[in-house]
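Student: Could you walk me through this model, starting with what counts as an aromatic pair?

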Amino acid sequence: MKLLKQSAPKIMNRRIALGFFVAMVLIASGFTLSFYSYNQYRTDTERVRHTYEVVGSLESILSLVKDVETGSRGYIITSDSAYLDNYQVAITVLPSRLEQLHTLMADNDNTVQIQRAGKLDHLVADKLALSQLRVKNRSMNVPYTRSLNGEGKRRMDVLRRHIAVMVDTERSLMETRNRQAARSFRNTLIIIFALSLLTFLSLVVSYQLLEQELARRQQNEDQLRAYEARLREQIRQLESSNEELERFAFVASHDLQEPLRKIQSFANLITDRYGNLFDGDSLLFMNKIVHSAERMSKLIKDLLNFSRISNHQEEFKPVPLGMIIQRILDDQELRIKGLNVRVEVGSLPTIPAISSQMDHLFTNLISNALKFTRPDVQPLIRIQARSVKGSAYPELISERLYSEITVQDNGIGFDEKYLDHIFKVFQRLHGKSEFEGTGIGLAICKRVTVSHHGYITAKSQPGQGTTFIVVLPESQSLQDYDRSNPTESYSYSAS
């Protein structure tokens with residue numbers, strides 16, 4: 001169910017993107033098809049216009065031939081040269097009209113009409129030749145013959161029928177092309193309407209999806225604001241509780257330290273004054289009382305230190321880790337020399353941190369290395385650092401840079417199945433009589449790294465030493481202060 005809720009926004013976003021993509025494809029397709037249909041309609045219209053021009057040219061040729069026939073016949077009958085005016089104009093214009101017809105026919109895909117146009121040239125030429133012959137004979141007073149007149153009429157009839165056939169053919173083509181143009185125009189309108197309707201529907205669906213997504217996000221935002229208000233209240237209550245607990249820990253530690261000091265003081269006085277009167281068991285009991293009081297005092301101090309380490313009590317400042325390590329080694333100098341420890345310290349960086357907490361962190365790690373040594377083996381402590389990316393550890397921010405500090409020893413080590421166990425309060429892998437300590441040191445180390453938005457872990461094998469790995473940010477950003485720390489779980493044991 002949780003996985004479905006997380007994937008729902010992605011599915012909705014994909015649907016919205018798909019809706020707008022479909023709308024854009026439909027708009028582009030509509031534009032392309034409309035442009036194609038418009039070109040087709042324009043082509044069909046151009047063909048219709050071309051047909052009109054061919055018909056007009058044929059009718060013009062027929063009209064000019066008629067002018068030739070009428071002019072020549074009038075002149076022959078009346079011998080009046082006025083009839084020859086239109087005759088001469090027609091003879092002059094006819095060649096250009098025939099050439100125009102051939103030009104128009106060159107764009108025609110009807111080969112029959114092209115052949116007819118060629119035949120028309122011969123018919124017009126024959127008619128003109130006969131008319132010119134009749135005019136010439138009349139001007140030379142050659143007697144009128146019925147044979148020439150009949151031949152002229154026959155040629156004129158043939159020419160009329162030929163032109164009529166060509167005109168009828170062109171008009172048939174015109175009707176066909178008119179139907180094609182009308183069909184193209186109708187198809188263009190249908191395509192534009194259909195694609196516009198589909199685009200409108202796609203945009204409506206996308207708008208509804210977008211509205212649903214906005215409503216869902218608004219609902220999530222309202223929920224987040226409610227959660228934020230509740231979280232702020234819980235943080236306020238937690239801060240108040242933490243302050244009370246810290247005051248309680250501080251007061252309790254002082255109140256507990258006072259009776260412990262009295263127990264230690266009076267136990268020491270009794271031992272000093274009356275030690276010669278005690279037998280062996282009595283001295284053993286008194287030593288146990290003093291030792292327990294000292295251990296209790298140290299435990300209270302460690303608990304107080306643990307409770308005081310929390311986020312943002314102090315401002316992060318540049319801290320040279322090399323100086324921190326050197327100061328700790330100087331404090332532990334007598335113990336290091338007494339155990340004949342070989343110490344190797346590499347180059348350590350300067351990072352933004354809280355100096356006192358860095359002191360707690362590395363003091364506990366070095367004390368751990370000095371505590372869990374192997375008999376008959378010279379102890380070794382090696383401290384090194386290098387820069388790494390957060391992607392090396394799943395618990396860190398992958399794109400940030402961190403300083404990885406390793407504290408390595410060759411001590412007794414431990415089984416890594418107890419890795420999570422060792423960073424909890426009061427968790428010990430060895431008995432109190434075997435190794436001293438309160439079981440709080442590594443818990444303090446973890447709390448310090450968490451408060452610095454870092455990470456701590458360890459690598460170890462029994463009898464082969466331990467390497468503690470501390471990863472701390474090379475820079476602290478404001479966003480880090482808003483990030484909640486990982487929940488720390490602690491187990492309190494009386495053993």
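Tutor: Rings of Phe, Tyr and Trp (its six-membered ring) pair if their centres lie within 6.5 Å, and planes under 30 degrees apart count as stacked, over 60 as edge-to-face and the rest as tilted. Side-chain values use heavy atoms, without hydrogens and water, and residues are numbered from 1 along each chain as its sequence is written.

Student: How many aromatic pairs does a search of the whole structure find?

Tutor: The search finds one. Its partners are Tyr393 and Tyr455, and the pair is tilted because the ring planes stand at 50°, with the centres 5.7 Å apart.

Student: Where in the chain are those two?

Tutor: Tyr393 sits in the loop between strand E4 (380-389) and strand E5 (401-409), while Tyr455 belongs to strand E6 (residues 455-460), 62 residues apart; strands here are DSSP runs of E with at least two residues, and helices are runs of H or I with at least four, numbered from the N terminus.

Student: And Tyr393, buried or exposed?

Tutor: Tyr393 counts as buried, at 13% relative accessibility, since buried means under 20% relative accessible area, exposed over 50% and partly exposed in between (1.4 Å probe, protein chains only).

Student: Switching topic, what is the mean pLDDT of the chain?

Tutor: The mean is 77, and 82% of the residues reach 70 or more. Over residues 430-435, however, the pLDDT is below 50, and where pLDDT is low, the predicted coordinates should not be read in detail.

Note on methods. This is a predicted model: local features need pLDDT of at least 70, side-chain atom pairs count only at pLDDT 80 or more; totals for chains, interfaces and linings use all residues. pLDDT is the predictor's confidence in each residue, from 0 to 100. Contact means heavy atoms within 4.5 Å.
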